[in-house]
Amino acid sequence: MTPFYGTFKDDWTVAQGWYDYSIGGSLDVLNFFDQLSAEGAQVGPEASVSFAKDFAAPMDKMTQLSSKYVNKDAASRGYGDGNLAFAKGAAAMYLQGPWAFSEISKISPDLQLGTFPLPMTENPKDLAVRVNMDLAAMIPEGSRHKDAARDFLEYLYQPATIQGYNESQLGFTPTKDAPPPSDPRIAGEIPYYDDAQIYQGPSVLVPKTIPVFSYAQSMVLGAAPEPVLRTMDQDWARLAFRQPAATSEGSTK
Amino acid sequence: MSTTTTIVTKGDRTVRRSTRRVEPIYYLFLLPSVILFTLAITVPAVIGITFSFTDSIGIGDWKFIGLTNYVALFSDPAILQSYLFTFGFAIATVIVVNVLGFLLAVGLTSRIRFKTGLRTVFVIPMVISGIIIAYVFNFLFSNSLPAVGTAFGIPALETSLLANPDLVWIAIVAVTAWQAIPGTLLIYIAGLLAVPGDVYEAASLDGASKTQQLFRITLPLVAGYVVINVILGFKGFLNAYDIIVGLTNGGPGTATRSIAMTIIAGFNGGDYAYEMANATIFFIVAIIISLVQLSITRGRNQLS
């Protein structure tokens with residue numbers, strides 16, 4: 001049996017899965033990016049934090065898995081191919097989020113599946129799940145219909161609406177006292193979510209102008225992580241040189 | 001030949017002198033295109049070039065930061081790589097397209113059976129949208145070719161060409177050429193049909209072989225069409241976008257990011273001003289190429 005089904009042709013599957021899980025399970029992602037933003041244009045070999053320094057170990061572990069324990073044709077398989085193959089039982093594990101369940105169940109509705117955080121260290125306490133806020137609601141300051149917009153958002157945030165939506169999407173509802181998703185396939189994530197053992201994906205914390213999805217893809221396809229991570233350091237420094245960076249505390253502008 | 005040219009030039013000058021007072025109606029004819037060109041090309045270009053000196057991310061506040069974007073641009077290996085890739089790709093594709101297009105045109109203008117039918121078949125790729133071609137070939141490269149490779153035990157074909165960062169450009173050149181050859185082919189057919197038959201007759205009487213006729217007569221007489229095809233093709237291939245998006249989306253890794261792709265990625269990724277600077281550089285490069293091409297073609301016209 002193939003341990004993991006890789007869909008390396010679609011770079012986002014590498015970034016949100018292999019790359020994010022490896023790094024998120026190894027280090028404090030938000031803290032790392034706050035320090036990285038503070039270093040700004042100084043990011044490089046001399047800086048206290050850098051991609052090359054802090055991501056090297058998790059990337060080495062990632063490439064060990066992605067080079068030896070995946071399907072032979074992983075490089076030419078995309079997300080759709082992966083869902084089809086995994087639904088037919090081509091591999092034991094699949095590094096994807098809950099959204100893939102609906103696709104897989106179209107092919108194999110009765111397949112018994114579950115979720116777990118990818119262990120990256122020897123310490124069970126380091127286990128954490130990746131949480132992304134895919135949807136956010138806001139009312140622009142310049143809006144001419146703020147009251148109407150507020151009414152609409154209040155409707156959206158009524159427990160029945162927001163919880164109903166998230167239940168249907170196998171997502172966690174971000175409001176207080178909301179129940180976790182009842183789908184048994186998500187149960188493996190609930191304890192970590194309740195304990196706040198969560199991280200945001202490092203691939204989405206990098207400004208989109210740095211092609212981090214492509215870099216992650218090139219590493220699982222066989223490029224040595226070290227030069228790729230050094231390129232990311234240089235990209236970060238070059239961007240900081242011309243644009244102020246955002247931190248978790250808000251913009252430094 | 002040279003005497004004819006002089007007469008034509010003299011005639012040209014007299015004509016120009018006699019019509020110094022241009023009919024005002026001509027200006028009216030010009031007006032729509034001038035207005036459209038100004039609104040759709042000139043104004044956006046000026047706005048874009050202005051923004052290349054700011055730190056705008058596309059929305060919100062911005063301020064002028066001088067040449068910072070340009071300084072960052074010239075030290076950016078990703079930008080440099082996209083230029084190298086795009087120019088390498090354009091040169092390779094121009095060569096492939098013109099060699100194959102010319103040979104096909106020679107074949108399709110000679111006395112063969114089913115000429116009209118074959119011409120139609122060869123022109124079909126031209127009428128299919130690039131993105132559709134790219135997705136179809138994407139499937140062929142990712143699934144069909146590896147399946148053939150596995151079935152016949154050809155190790156080179158077993159892995160997808162699109163997953164190999166060193167060879168993926170071959171796939172992009174091949175697919176782009178497949179789409180671009182018909183247009184080139186049509187121009188070459190027009191050129192070959194314009195060559196009068198009696199020169200071949202004279203050549204064969206003098207004992208020239210078919211190969212000699214091809215290189216000594218056909219090729220020099222359609223040289224003008226070669227120049228047109230090379231210039232039009234090269235310009236088009238520098239803007240490579242849709243076929244690469246459909247085939248590799250710039251991957252694997254960053255191996256096939258064209259200049260147009262980096263510019264558009266900057267818009268999507270909140271790097272508006274920086275990619276405007278990149279677009280400005282690309283604009284200047286394109287102007288330089290056009291000037292060089294213009295002087296080459298002008299030189300050629302004077303020769304004939």
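Author: Let's begin with a loop. A:Ala196 sits in the loop of chain A between α9 and β4 (198-199). Helices (H or I, at least four residues) and strands (E, at least two) are DSSP runs, numbered from the N terminus.

Reader: What is the phi of A:Ala196?
Author: Positive, about 60 degrees, although A:Ala196 is not a glycine.

Reader: Is A:Ala196 buried or exposed?
Author: A:Ala196 counts as exposed, because it has 8 C-beta neighbours inside 10 Å. The cut-offs: buried is 20 or more other C-beta atoms within 10 Å of the residue's own, exposed is 12 or fewer, partly exposed is in between, and C-beta atoms are placed from the backbone.

Reader: And what about A:Leu170?
Author: A:Leu170 is not a glycine either, and its phi is positive, about 60 degrees. It lies in the loop between α8 (159-168) and α9 (190-194) of chain A. With 19 other C-beta atoms within 10 Å, A:Leu170 is partly exposed.

Reader: Before we go on, what kind of model is it?
Author: It is a predicted model: local features need pLDDT of at least 70, side-chain atom pairs count only at pLDDT 80 or more, and totals for chains, interfaces and linings use all residues. Residues are numbered from 1 along each chain as its sequence is written, while chains are lettered from A and ligands numbered from 1 in the order in which they are written.

Reader: Switching to chain B. How many helices and strands?
Author: Chain B has 14 helices and zero strands.

Reader: What radius of gyration does chain B have?
Author: Chain B has 24 Å, whereas a compact globule of 304 residues would have a value near 19 Å. The radius is taken over C-alpha atoms, and the globule rule is 2.2 Å times the number of residues to the power 0.38. The C-alpha atoms fill a box of roughly 75 × 75 × 30 Å along the principal axes. Buried residues are 28% of the 304 in chain B.

Reader: How do α4 and α11 of chain B cross?
Author: Their axes come within 9 Å and cross at roughly 145 degrees. Axes are lines fitted to C-alpha atoms, for helices over the stretch in contact, and angles run from 0 to 180 degrees between N-to-C directions.

Reader: Which residues does B:Val94 touch?
Author: Leaving out residues up to four places away in sequence, B:Val94 touches B:Val230, B:Gly233, B:Phe234 and B:Phe237. Contact means C-beta atoms, placed from the backbone, within 7 Å. B:Val94 is in helix α4 of chain B. It counts as buried because it has 23 C-beta neighbours inside 10 Å. B:Val94 and B:Phe237 are 143 residues apart in sequence, yet 7.9 Å apart in space, C-alpha to C-alpha.

Reader: Where is the cis peptide bond?
Author: Between B:Gly251 and B:Pro252, with omega about -5 degrees. B:Pro252 is in the loop between α12 (242-247) and α13 of chain B.

Reader: And what is buried in α13(B)?
Author: B:Ile259, B:Met261, B:Thr262, B:Ile263, B:Ala265 and B:Gly266. B:Gly270 follows α13(B) and has a positive phi, near 70 degrees.

Reader: Last topic. How many residues from each chain make the contact between A and B?
Author: Chain B gives 26 residues and chain A gives 19 residues. On the chain B side, α3 (68-74), α6 (130-152) and α13 (259-268) are the elements that give two or more residues.

Definitions and conventions. Two residues are in contact if their C-beta atoms, placed from the backbone, lie within 7 Å.
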